[in-house]
Structures are given as structure tokens and as C-alpha cells.
Amino acid sequence: MSHRIVLPRLMEIGAGASQQLAAVLRSLGCSRPLIVTDRMMVELGYAGRLAEQLEQAGIASRCFADTEPEPTAASIRAGVQMVREGDFDSIVALGGGSPIDSAKAIGILGKFGGEMRDYRFPRDVSDAGLPLIAIPTTAGTGSEVTRFTIITDETSDEKMLCAGLGFMPVAALIDYELTLSLPPRVTADTGIDALTHAIEAYVSRKASLYSDAQALEAMRLLAPNLRSAFHEPRNLAAREAMMLGATLAGIAFSNASVALVHGMSRPIGAFFHVPHGLSNAMLLPAVTAFSIPAAPERYADCARAMGVASEGDSVETANDKLLTELRALNQELQVPSPAQFGIARERFFELRETMARQALASGSPGNNPRVPSEAEIIDLYETVWNQE
């Protein structure tokens with residue numbers, strides 16, 4: 001069986017990569033970009049520096065800076081309107097996963113119209129929107145190299161998975177220096193998000209030799225450096241390893257898909273406004289324990305790639321060490337339980353069935369080594385609530 005591998009046309013990787021934006025735009029034949037970002041990137045001066053770089057190169061740009069964390073169909077409408085009314089030939093996405101996901105949606109809706117719900121899975125969005133150049137500022141989502149975007153329908157509190165070649169950036173500028181200002185909480189949440197991408201891509205039913213190679217190398221980079229990046233924000237070696245690991249994990253899951261953790265995570269984020277990486281972290285130990293019996297050798301490989309098990313360890317021992325490490329990582333990185341996050345127990349339990357149905361409808365649980373029933377997903381939500 002063959003596997004179609006989809007990547008950006010161009011990737012610039014390393015310190016200072018973001019300074020190549022003007023040259024990259026020129027190489028793509030683009031000269032009228034809209035910068036899509038958030039208010040934090042404006043306040044930190046990152047958006048201004050990009051605009052200044054473009055101005056010095058004779059490229060006029062405008063900026064849409066009103067994207068929101070966990071973007072909704074409503075939060076991107078003003079950006080879509082700017083595209084429809086403007087004369088833009090490209091979009092530059094600057095920020096974490098939320099601005100990049102917003103930019104992907106704005107590029108498609110701005111060109112083709114309609115509502116975001118029209119593009120949700122299982123529709124395959126293959127038509128290209130405006131050319132998108134992605135500049136990530138977190139080491140986590142991997143959105144700069146994926147053919148996915150996640151936008152919430154605020155009328156139903158459903159996180160809509162949208163997929164297809166139309167959402168793949170044409171270029172990605174992956175500059176780890178942009179992560180040096182990240183606060184520890186964001187470093188932790190996005191880092192565990194990236195680790196989840198790598199693990200789920202490796203155990204996915206859609207995995208291939210190609211995605212396996214990316215996923216294993218991502219785990220080798222992420223697992224030994226996540227704590228260092230969390231405790232030592234200016235550790236350049238750790239930040240560089242995390243950024244490359246997140247990108248490789250993004251390539252892996254873009255080509256192998258994510259699985260049950262992500263399927264269950266999206267409804268928690270939509271209903272309770274939990275950041276995506278954090279809801280993944282809440283779920284990862286329990287979902288891994290549920291899934292190991294269906295793919296013990298694959299999960300043992302993950303433990304070895306992460307450096308928590310040795311080649312001499314048995315499969316069972318390696319998996320025990322993997323679960324111990326995932327729980328210890330959550331504890332050290334101060335990942336709260338749903339209750340500790342402030343979610344009301346009554347509301348969480350009231351929504352278990354709805355969340356389970358939405359998780360299954362996303363398609364991601366079907367990629368899991370152990371494909372759950374709706375009842376098993378409900379049980380897993382209860383387990384996550386009750387865990388220490």
C-alpha cells in the first residue's frame with residue numbers, strides 16, 4: 001500500500017528563519033500579504049517587526065490581529081471580510097496554533113465563501129485558498145505543516161475538524177528564537193500537545209514507515225527537552241529541540257492522523273474553554289493505559305524513543321515505564337485535572353454523552369489502536385475526572 005505524503009512547498013528551519021519572510025514571499029510571487037496574528041504578537045513586537053521587514057523590501061502588508069485562543073467561526077469573520085474586500089494575494093500566519101488555524105480558515109473562506117461548518121470533516125477540502133506562509137511562535141501544534149484546522153462552532157460548542165490539501169501552508173518559517181518569550185504554562189501545554197501528536201501518529205492505524213520515522217525522532221527530541229524548556233525558558237538547545245520536535249510531530253500526524261486523545265480533547269476544549277494542549281495532557285495517561293493492550297509493542301517503542309525505557313526492557317516493563325513517565329510529566333508540569341481547572345463536576349458529567357458523540361463524529365477515535373465504543377469514551381471521561 002502506498003501513502004501520500006503532504007508537506008509545505010518550502011520550509012525554512014532554524015534561528016532567524018522568520019527573517020526570510022520577504023524573500024520567501026518573492027519566491028512565491030506574492031507581494032500583497034495579510035498578516036493574521038493575535039494581540040500578544042502585536043504587543044511583543046513580533047508583528048511589527050515582520051511588517052517592517054516587508055516594508056523595507058518594498059512589500060505593503062496589512063494586519064488582522066483579532067484572532068482568539070481556540071478560534072470560533074465568529075472570531076474569524078472580520079478577517080474573512082478583510083480578505084473578501086481587500087486585494088491580498090497571500091496570508092502570513094504568525095503565532096501559535098490558534099492564529100495559524102484561524103489563518104487557514106480565513107484563506108479558504110475568504111476565497112470560496114460559505115460558512116466554516118460547510119468545510120468540516122468528512123469533507124475533503126482540496127481546493128487551495130490564498131497561499132499561506134506559517135510562522136509558528138510555539139513548539140506544539142505543528143499546524144505550520146499540517147492539512148488540518150480546528151474551528152469551534154460557537155452555536156453548538158462543537159470543535160469542527162476541517163481537513164484537506166487546501167489547509168496546507170505553502171511555506172513554513174520555523175524559528176525557535178520566537179519561542180524564547182513563552183511563559184512556562186504555554187511551554188508545557190504546547191510541548192505535551194506535540195508529544196501527544198508524536199505518540200498518536202506512531203500508534204495510529206494510518207501510520208506508515210514515513211510517519212513512523214518522523215514520530216520517533218519527534219519523541220527523541222521532545223521528551224528529554226520538555227522539562228528543560230519549562231524550567232529554563234532561555235535554554236536555547238532545549239528550545240531548538242522542542243521546535244524541531246513539534247514540527248516533526250506535526251508532519252507525522254498530518255500524514256498518519258491523530259487518535260483517541262485528540263478526539264476526546266476537542267469537546268473538553270469547546271465546552272469548557274480548556275486550551276487544546278492542556279486538555280490533551282489531562283487525557284494522555286488514561287487514554288494511553290486504555291489503548292496499550294491493543295498495540296503493546298508500538299507503545300513500548302514510544303517509551304524507548306522517549307528515553308524512559310531501555311532496549312533490554314520487556315514490552316510490559318517498557319509500557320509500565322511509559323505510563324509512569326506520562327503521569328510524572330503531568331505532575332512536574334503542573335497539569336491540573338478537570339476539577340482542578342475549575343470545571344463543575346455536575347456540568348462535566350451532564351455533557352459526557354454529548355462529548356463522547358462529538359469525539360466519535362470527529363473520526364479520530366477510529367484511528368486508535370483500540371477503537372472505543374461510546375460507552376467506553378464516557379467511562380474514560382469519568383476516569384480522567386476522578387484521577388489525582
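Author: Helices H7 and H8 cross in a left-handed sense, meaning that the near helix is turned anticlockwise from the far one by less than a right angle. The model is a predicted one, in which local features need pLDDT of at least 70 and side-chain atom pairs count only at pLDDT 80 or more, whereas totals for chains, interfaces and linings use all residues. Residues are numbered from 1 along each chain as its sequence is written, and side-chain values use heavy atoms, with hydrogens and water left out.

H7 spans residues 209-231 and H8 residues 236-256; their axes come within 7 Å and cross at roughly 150°. Axes are lines fitted to C-alpha atoms over the stretch in contact, and angles run from 0 to 180 degrees between N-to-C directions. Helices (H or I, at least four residues) and strands (E, at least two) are DSSP runs, numbered from the N terminus.

Ser-90 lies in strand E4, residues 90-95. With a relative accessible area of 0%, Ser-90 is buried (under 20%; exposed is over 50% and partly exposed in between, with a 1.4 Å probe and protein chains only). Beyond its neighbours within four places in sequence, Ser-90 is in contact with residues including Leu-25, Cys-30 and Ile-133, contact being heavy atoms within 4.5 Å.

Cys-30 is itself buried, at 6%, while Cys-63 is partly exposed, at 38%. The whole structure holds zero disulfides, a disulfide being a pair of cysteine sulfur atoms within 2.5 Å. For Cys-30, the nearest cysteine sulfur is that of Cys-63, 17 Å away, which is too far for a bond.
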